[in-house]
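Subject: Handover of a structure and its description

Dear colleague,

Please find below the structure that I am handing over to you.

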Amino acid sequence: MVDADLVDGDAPVPLVERFFSIPAVAYLYPHYAERGCYAARVVRA
């Protein structure tokens, strides 16, 4: 794990862009904050 943060569910794009600006980040696993289950896998294009 390189980093983590919380974001409103309707505004994830700036956070995704911030994380992918880190060269060591190859993919993201967004999680639901309340349930803790991951929602998807986001990979670099």
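In these notes, Ala, Val, Leu, Ile, Met, Phe, Trp, Tyr, Cys and Pro count as nonpolar, Asp, Glu, Lys and Arg count as charged, and the others, Gly among them, count as polar. The model is a predicted one, in which local features need pLDDT of at least 70 and side-chain atom pairs count only at pLDDT 80 or more, while totals for chains, interfaces and linings use all residues. Residues are numbered from 1 along each chain as its sequence is written, and side-chain values use heavy atoms, with hydrogens and water left out.

The largest pocket

A pocket is found on a 1 Å grid over the protein atoms alone, as an open set of points where a 1.4 Å probe fits, with protein on both sides within 12 Å along at least five of seven lines; its lining residues have an atom within 4 Å of a point. Grid points are joined across faces, edges and corners, and the volume is the space filled by probe spheres set on the points. The largest pocket holds about 810 Å³ of space. Its lining comprises 24 residues, and those nearest its centre are Asp5, Phe19, Tyr29, Pro30 and His31. By type, the lining consists of 19 nonpolar, 2 polar and 3 charged residues.

Helices (H or I, at least four residues) and strands (E, at least two) are DSSP runs, numbered from the N terminus. Helix H1 (13-20) and strand E1 each contribute at least two residues to the lining, and H1 gives the largest share, 3 residues.

The salt bridges

A salt bridge is a side-chain nitrogen of Lys or Arg within 4 Å of a carboxyl oxygen of Asp or Glu. How many salt bridges does a search of the whole structure find? The search finds 2. In one, the side chains of Asp3 and Arg18 meet at 3.5 Å, N to O. Because Asp3 lies in the segment before H1 and Arg18 in helix H1, this pair ties together parts that are 15 residues apart in sequence. Asp5 also forms a salt bridge with Arg18, with the closest N and O atoms 3.2 Å apart.

Residues are called buried under 20% relative accessible area, exposed over 50%, and partly exposed in between (1.4 Å probe, protein chains only). Asp5 is partly exposed, because its relative accessible area is 45%. Arg18, at 37%, is likewise partly exposed.

The surface patch and the loop

A patch is made of residues with over 30% relative accessible area and no salt bridge; like charges are joined within 9 Å, and nonpolar side chains (Val, Leu, Ile, Met, Phe, Trp, Tyr) within 5 Å. Tyr27, Tyr29, Tyr38 and Val43 form a nonpolar patch on the surface, with about 430 Å² of accessible area together. Tyr27 belongs to strand E1 (residues 27-28), whereas Tyr38 sits in the loop between E1 and strand E2 (42-43). Tyr38 counts as exposed because its relative accessible area is 54%.

His31 is found in the loop between E1 and E2. In space, His31 and Arg41 are 9.6 Å apart, C-alpha to C-alpha, and in sequence they are 10 residues apart.

Notes:
Areas by Shrake-Rupley, 256 points an atom, 1.4 Å probe, with all protein chains shown as cover.
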